Amino acid sequence: MIPTRSSDPAEVIVERQERVMIITWRDGHRSVYSFDALRRDCPCASCDDARSKRLNARNLQVLSGPVLKPGEVQVTGSRSVGWYALNFTWSDGHDTGIYTYDLLRANCPCEQCSDSTLSGARG
Ligand SMILES: [Zn+2]
Ligand SMILES: [Zn+2]
């Protein structure tokens with residue numbers, strides 16, 4: 001039996017036209033994620049590494065390698081990973097990011113959630 005939590009999605013819609021992913025959660029909350037933000041915040045090890053290097057470097061630079069500018073990011077494929085996560089293939093060919101629903105819910109970009117987010121930066 002699958003436990004039901006507020007961080008379980010009731011519905012996931014990938015809107016390629018609008019370039020957003022919309023998740024409606026079991027508690028009725030609705031989160032809209034832009035592809036740009038999802039690609040930028042890709043949780044895989046290599047992106048994580050690239051981000052921390054970028055943060056340590058004084059001048060904020062865009063990711064090296066084949067990077068898509070904001071406005072160009074497109075999802076070419078999406079699939080569920082078990083019942084706990086989503087995986088996307090991006091138009092730059094990157095596909096190693098596993099976006100858990102916990103992470104997505106915690107990073108809900110809506111005003112309501114941003115307000116209640118603790119401002120303590122990790123690391
Ligand atoms: Zn990545
Ligand atoms: Zn929210």
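Predicted model: local features only at pLDDT ≥ 70, side-chain atom pairs only at ≥ 80, totals over all residues.
Residues are numbered from 1 along each chain as its sequence is written, with chains lettered from A and ligands numbered from 1 in written order. Local features need pLDDT of at least 70 and side-chain atom pairs pLDDT 80 or more, while totals for chains, interfaces and linings use all residues; side-chain values use heavy atoms, without hydrogens and water.

**Stop one: the zinc**

Select the zinc ion (ligand 1) and you'll find Cys42 (SG), Cys44 (SG), Cys47 (SG) and His94 (NE2) at 2.0 to 2.3 Å. These are its protein donors (N, O and S atoms within 2.8 Å of the metal, or 3.2 Å for Na, K and Ca; water is not among the atoms, so sites may look incomplete). Along the chain their spacing reads C-x1-C-x2-C-x46-H. The angles among the 4 donor atoms run from 99 to 114 degrees, and the site is tetrahedral (four donors, all angles between 85 and 135 degrees).

Now click Cys42: it is buried at 0% relative accessible area (buried means under 20%, with a 1.4 Å probe and protein chains only). Cys47 is buried too, at 7%.

**Stop two: around Leu38**

Show Leu38 next. Beyond its neighbours within four places in sequence, it is in contact (heavy atoms within 4.5 Å) with Met21, Tyr33, Phe88, Trp90, Tyr99 and Leu104.

**Last stop: Arg19**

Jump to the loop between strand 1 (9-15) and strand 2 (20-25) and pick Arg19; strands are DSSP runs of E, at least two residues, numbered from the N terminus. Arg19 has a positive phi of about 60 degrees, though it is not a glycine. Most residues other than glycine have a negative phi. At 19% relative accessibility, Arg19 counts as buried.

Conventions:
Helix = DSSP H or I, 4+ residues; strand = E, 2+ residues; numbered from the N terminus. Buried < 20%, exposed > 50% of the residue type's maximum accessible area, 1.4 Å probe, protein only. Tetrahedral: all angles 85-135°; square planar, octahedral: opposite > 155°, others 65-115°.
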